[in-house]
Amino acid sequence: MIMSFHLAMVVVPLWTMEWLPVDGAISSNLHRLIMKLRKWQQEAINACLPQFAKGRKLFVIEGCTGSGKTLCSATAALQQIENGKADLIVVLTPNCGTRLGWKKAFDGLRLNGNRVNVTDDANFPLDANVWVSTYAGYSRVEEALCNRPLSGVIAIIDEFHHPADTAEWGNAVDKLVSLSEHAIFLSGTPWKREGKIAVLCGEKNIHGENYYQEEGRIKADFSYDYAQDLREPKTRGTVPVKFKFWDSFWRSPDGKVCEIHKDLPDFPSEQWETVEDWEEWAKKCDKPLGRHLHFDLDTESPGDNQTIRRVLDEALSLLSKTRGDIELSCNQKNASVMLCVAKGMSDARKITNYIQEIRPSYKVSLVISDDNNGAKKLEKIARQCRENASDKPDVIVSVGMISEGVDIPQIKVVAYLSAILTVLYFIQVVGRAIRRIPIGKGEYADTSPSDTVAYVVAPAHPKLRYIARNIEKQVEDACGDLLRSSEVKISPTDSNKKKKTTGTVTSGENSIGVFRGSEDFSKWHEIVEAMKAHENAADCYIDSHWAEHILGLFLRGDAKAEEYAIADINSKCRCLGVSVEELSVTLEDEINPPLSYEEEQKRLSEKAIYWTNIIRFRGKYRQIEDNDVAFRKVRGEINRLAGLKVAGVTFSKASIEQRRQWVKMAEEMAREMA
């Protein structure tokens, strides 16, 4: 099943107000806002208010991170107060961080020309127009409601996927909605692991469909997803995301080896006939991830765990890359920050110390508490990042509280070292990185999606890869639409200007490539890079954005996608005045500077390791549980084929020519087993 990518709430800085006339619509004098509604927000309000006017009680909005669900629902609720349908708005939200976000949102609005009186004070003063509470604090809301005369309540249920995980939170929603005239439900990840929201059970949305669908998914009245947002060139709130996965090995005390690796198995196999069969298994895969991230807290450093070390090293490298891309795009230095999500508080502390050791010049902030102190610390970090202050953290290490509703758009790299494998949690964490970075009034650090890219680095667990692949498909589809649109709207002058300012988005090894499709992918990668370097590339709209889209099509493993990509490459080559064949010949004829003896030794050793690892997890060697035994057998077989066994030497003692023969035999062996 292909899922849509929807993410958590965020307040978007927008600057003037526009309204569309509808039945029960917003009056022109409602609130002299300092913010502007986006098109989708206007459409959502225009869908919601007439339903309320007809007497409908519930309205469910599903929207991606950065889209502005907060402003949308707050505006609709305030209109109900002005229309005399209610005199109080009550917001229930998961945690202290999101509670502060709601207060800020209402602070920016006006009601009848006056500031909105919004409070999260647990005493809830009677003259407040808006009460904001966490789900856990609802009992105080209920007590306060008993002492206030009301003409009506509008309930806003934020991140509604949380209630019913515990009876307390679920009961809070049920009680508040029963006391309300209308209720607006908001979420970016409308999947529930367990339980149901009672007031939605048995109810239908405005399209006549049941709210509750298969596998606990809730079908919203109004939806706005990640791909839709990326297609909005000016008003979008998000940037594309890319994933990098790392192989991982874990050995139990009894010697049994458990591995997770990014290479797909051969098809057909004993377990899976097709890629689709593997997908069905992967989305339900319950292999534990935590043991792959384990290290002895008393005696070991996180760096002693190969998986943790690889993920952190890759994430820190990508942090440098995003900073370079953003500086190239908008001249802001060191604008982006990295988020590391750990699996526990003790792990988070050790990881914080480890990052500080390997990057002494970096400031690393630890945020592990979900109380008011933790929320205040996050608020301070958000302000420092907003101002790009010199004392802002380079890396934030957290456990769970930063997984949703926290508005730090400068997060552009996520190191996922959590053991949680739910769709809901992983998507929420990914959502921390995909917001656009505002740098001024109506201005952002990027002007096109290819300027700034978010990265998520994680162990290659099948379920995480399945979720990531579905997210990446939305990015590829949206980027394809933008590409086709830009061919009509962008002038050569604008394109030339863009070429000088845009950042570079790499593909290939840094792309998720869950389904490595074409055996010739490396060839196409080189051809696309050569096309980008052509002197007329800008005039033919060949840039990093286009390259990312085309290479993504090859990585799908879909014949139609590959056919489309090749056709588009040929079309662009005609624009350049060259053919694909000419580019291929040019690439083959390029003369590389000769390597030194030591450099070639190193290069051959790296290739030997690469092909040995490939063979280890193919054919008969996959069945060997003991990793050491398996690799010993692989090397022995290649030694025999390459003639090293007869010569009585090992690879480390072999000559350059013998090493070349060894690598050639290893490559042939790997391809035969594919």
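Q: How many salt bridges does the count come to here?
A: In this predicted model, the count is 22 salt bridges.

Q: Which residue does E62 meet in a salt bridge?
A: That's R217, with N to O at 3.0 Å. E62 sits in strand β1 (residues 58-63), while R217 is in the loop between β8 (182-187) and β9 (222-224), so the two are 155 residues apart and the pair links distant parts of the chain.

Q: Is E62 buried or exposed?
A: Buried, since its relative accessible area is 2% and the cut-off for buried is under 20%. R217 is buried too, at 17%.

Q: What about E600, which partner does its side chain meet?
A: R660, at 2.7 Å from N to O. E600 lies in helix α18 (residues 597-616) and R660 in helix α21 (residues 656-673), so this pair ties together parts 60 residues apart in sequence. E600 counts as buried at 13%, whereas R660 is partly exposed at 37%.

Q: Which residues are linked in a network with those two?
A: R603 and E657 join E600 and R660 in a network of salt bridges.

Q: Switching to the surface: which residues gather in the patch of negative charge?
A: D296, D298, E300 and D304. D304 is in the loop between α7 (275-282) and α8 (306-330), and it's exposed at 51% relative accessibility.

Q: And which ones form the positive patch?
A: K256, K287, R291 and R622. K287 is also found in the loop between α7 and α8, and it's partly exposed at 32%.

Note on methods: Residues are numbered from 1 along each chain as its sequence is written. This is a predicted model: local features need pLDDT of at least 70, side-chain atom pairs count only at pLDDT 80 or more; totals for chains, interfaces and linings use all residues. Side-chain values use heavy atoms; hydrogens and water are left out. Patches are made of residues with over 30% relative accessible area and no salt bridge: like charges are joined within 9 Å, nonpolar side chains (Val, Leu, Ile, Met, Phe, Trp, Tyr) within 5 Å. Accessible areas come from the Shrake-Rupley method with a 1.4 Å probe; for residues, only the protein chains shown count as cover. A salt bridge is a side-chain nitrogen of Lys or Arg within 4 Å of a carboxyl oxygen of Asp or Glu. Lys and Arg count as positive and Asp and Glu as negative; His and the chain ends are not counted. The place of a charge is taken as NZ of Lys, CZ of Arg, CG of Asp or CD of Glu. Helices (H or I, at least four residues) and strands (E, at least two) are DSSP runs, numbered from the N terminus. Buried means under 20% relative accessible area, exposed over 50%, partly exposed in between (1.4 Å probe, protein chains only).
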